[in-house]
Structure formats: structure tokens, C-alpha cells
Amino acid sequence: MADALQQFLRAKVQSITFRAGRLSRLTPQDVGIRPRDVPFAPSPAHFAAANARLGEIDRDVRRALARLNGRLHGRRLRPHEVLERNALVEREIDRARRAYGLFFDVFSQRGTRFAPALAACDVIAVDCFQAVRRASPGLLTTPMLKPITYLEHGFSPATFRRGVLLRRLLGERNPFPLIRVPYERVEAPWGMGVILHEIGHNLQADLGIWQETQVALQRRVLGVTGNPWLTRLWGRWHKEIFADLMACLLGGPASVHSMKDFLAYPPSRVLTFHPLSAHPTPYLRVLIQAEMLRRMDFPAQARDVRDNWYRLYRAQLPGARIPALLLRTASRLIPHVVDEIAFQPRRGLAQRALVDVVPFWPSDQERILRAAESLARGQLPSGLPPRYVVSASREALERRLAPPEQISRTVLNHLVRLGSREARMPGVSVTLAA
């Protein structure tokens, strides 16, 4: 009986030894990237970053495995010692499994029918970072791996910033930004204003102004209201408000229409309040963006956004589940919030304001409107930044200049061609270098 137990324990050690090194490296072939998928695939640098993380974990796996085998070599196995040291190896393998699974899931989508649309999203993300580099040289000096877009069945887009600790990875750091897009949204470019919002989160983190923005906003709200509860609340919302305002600057009025589309639901949802949410209540969120448009010198568009939102929800306000104090002070506070986040200089921005770092002018809107008219003819002007292509698609949809199918096809083909051309240029497709 004892020999049978020894046989079982040795087999258990052999089994985990075999499994221990199976998840240490990923190649394009491993995730099913075929030659025709290469234009849409993550860059070699992204595979290298993933493999560097897998390699770090694999070294811990092998150390734990060496302790297991070294302690037991040539000895009669003590059952509880085997189980305890085996569990330590399993812990490290679990880290490898989670990291490998994340990278595999993200990279393997570039061998599916969604690959061109995902590559188009990557092009948009790179353009947003390059917009900052062009307008404000020196703020993003270090080469950075560009964001990678992937699909998930969740309701809304989301992002996982560079270097953030991921619960899915048991606290491992994310080596490059990941932008999550729901399956049905990725081929609808007129809705990608919400993607600009997610890129705004990454820019806030990479620019290093996370804490500075929050502290400045809390100081401003407290100075205006003298109310600690409102100060904490608006301070908690600073990340989402920053991303919304950044989307306005990246895409102009069309990005606000895209976000309004995303937030417009029955009053029972829009007029509710979650005290611990990081997102402003949806009713106020669109009004914040309308104020941003006004400050960006688009008064007519700001008025349209605000008036349409009021027509949808103002009559329902008596039944709103939003604290009365928040509603009562919103009209006074929102201009202060927009001014503080977008128009006040920041030390982290070299004493420039957000509107200086990512400028958007009426002339940019004119380019977008001309591009929307081109979409009616099934084409887009050369030289139009990819982020403005998103806005042009929204304008074309709302003005009914072309059917949705034509807009989607024209925009995605255009962005894929841009991405393929940039992939042949040194550095651009790999890193966010100037």
C-alpha cells in the first residue's frame, strides 16, 4: 500500500514537471496568425513584451519546481511535503496560465474576421498619442508600445492602462495598454467616440497627471461649494470627466454625439445615482460635455446637445434618484469643473493646459464636415487624421449622407490602408515614437 502511495506521489511530481514549462512563450503561429493576417497582427515588439512577462513568470515556476524536485530527489517521499511544495509550483503555474491566456485571447483575435476592424482601432489609438506628440513635443518623450484593441462580450468599452495591476493576472502588471471593445461595436466607426474616451484614460496615465488633476479638482469644488461631500464626489469622478473632455478635444462635437448615443437610455437609468461609482451620473455627464463644447468655441453645437438632453430628461427630474444637492449645484459647478480640468495649466503638462496639449479648432471641424460629405461618395480625403475619420463617420450617419454599411466599409478600409502603410515605416507601428 505504501509503495502504491509512493508511485502516485512520484507520478504527481512528474505530471507537474511536464506542465510547468508549457506556457513560457507565444509566437504569431501559436495564436493562429496566418500570412494574410500579418497586416492586422500585433507588432513583434508586443509579442516580445508578452514573452518578457511570461519569461519572468516562468523563472519563478522553474525555481519553485527546482525546490520541489531538489528536496525530494533520491528520498522516500513524505506525502504532506510533496503536496505543500506541489501547491507552491501550482501557484506559479496559475500565474503563467492567466498571463498566457490573456495574451493568447488578445492576439488570436487578429486571425478572425474582426482583425481589420481591430487594426483600424489601433490606428485611431496611435493617432491620438501622436496628436499629443505633435502639439506638445517633449511631454511623451519615451518610446511606448502602442495600445492594442481586443474584443469582449461586455456591454461597454473599457481600458487597462500601461503598468496597471490586473486582477485577472493576480496582480501582474499590464505591459501595454489594452482597449476592450464589444463585438458589435468594433465595425461601427460612428460609435468609436467612446474609444477616444478610453484612449483619454491612457493619455492621462502616461502623461502622469492623474493625482494632480484630482487634487486640483477637489480644491476647486471645495472652494466653490465649501461642501466636503460634493468635493469627494466630484474628485472621485475626475478620471471619467478627464477622459470625456479628452475625447471632445480628440474628436470634436461628433465625439459628444457618440457619447450621448452611448448614454441615452430610459430615465430610470440616466437619472439614477450610485454613490461610489467612478462615473458621473449619466444625466450630468452629457451636460459636462456640452459645456466643454461651449468653451471650445462651438456654442451652437453645445446648445443643441444641452437642449436635446433636456428634452429627453428634464421633465422626468422630479422623479430622479439623484441627490437634490447634486442637482441643485450642478449648473454652478459644471463650468468650474470643465475649466479646472481642461483650461488650467498643470505642472505635469509643463504649465500648459489640456486644450494646449490637444488643440481642436473650428478649422478641424470644417475638415471633418468635408470628409463626411466625401463619405457619401465612398471615399475619404488623404491626410485626414484617423481620429477625425471617426468624427466624419458620425457626422455622415447623423446627416444621413450615406447608408451605415457604406460608411463602415469605407472607413474601415481607409484606416486599414493607413495602418498597413505605417507598418512599413520604421518605429511607427511598434512604438509611439515621435
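**Ground rules.** I number residues from 1 along each chain as its sequence is written, and side-chain values use heavy atoms, with hydrogens and water left out. Because this is a predicted model, local features need pLDDT of at least 70 and side-chain atom pairs count only at pLDDT 80 or more, while totals for chains, interfaces and linings use all residues.

**Entry 1, the sheet.** I looked up the strand order and found an open sheet of three strands, β1-β5-β2, with mixed pairing. Strands pair if DSSP finds at least two bridges between them; helices (H or I, at least four residues) and strands (E, at least two) are DSSP runs, numbered from the N terminus. β1 (148–152) and β2 (158–160) are the edge strands, each with a single partner, so one side of each has no neighbour in the sheet. On average, neighbouring strands are turned by 30° against each other, direction ignored. I then followed β2 to β5 (residues 178–182): three bridges join them, and they run antiparallel. Phe160 stands opposite Leu178 in β5. Helix α4 (residues 115–135) packs on the sheet and touches β1 and β5, its direction making about 135° with that of β1. Axes here are lines fitted to C-alpha atoms, for helices over the stretch in contact, and angles run from 0 to 180 degrees between N-to-C directions.

A nonpolar core is a set of buried Ala, Val, Leu, Ile, Met, Phe, Trp, Tyr and Cys residues joined through side-chain atoms within 4.5 Å. The largest has 98 residues, and Trp234 is among those with the most contacts inside it. To this core α4 gives the most, with 10 residues. Trp234 touches residues including Leu217, Ile241, Leu326 and Val337, not counting those up to four places away in sequence; contact means heavy atoms within 4.5 Å. Another core, of 34 residues, lies apart and includes Leu26 and Leu169.

Is Asp244 buried or exposed? I find Asp244 buried, with a relative accessible area of 2%; buried means under 20%, exposed over 50%, partly exposed in between (1.4 Å probe, protein chains only). Asp244 lies in helix α8 (residues 238–251). Beyond four places in sequence, Asp244 touches His197, Met259, Arg285 and Gln289.

I found Gln365 in helix α15 (residues 362–375). Gln365 is buried too, with a relative accessible area of 5%. Leaving out residues up to four places away in sequence, Gln365 touches Pro253, Phe298, Phe360 and Glu395.
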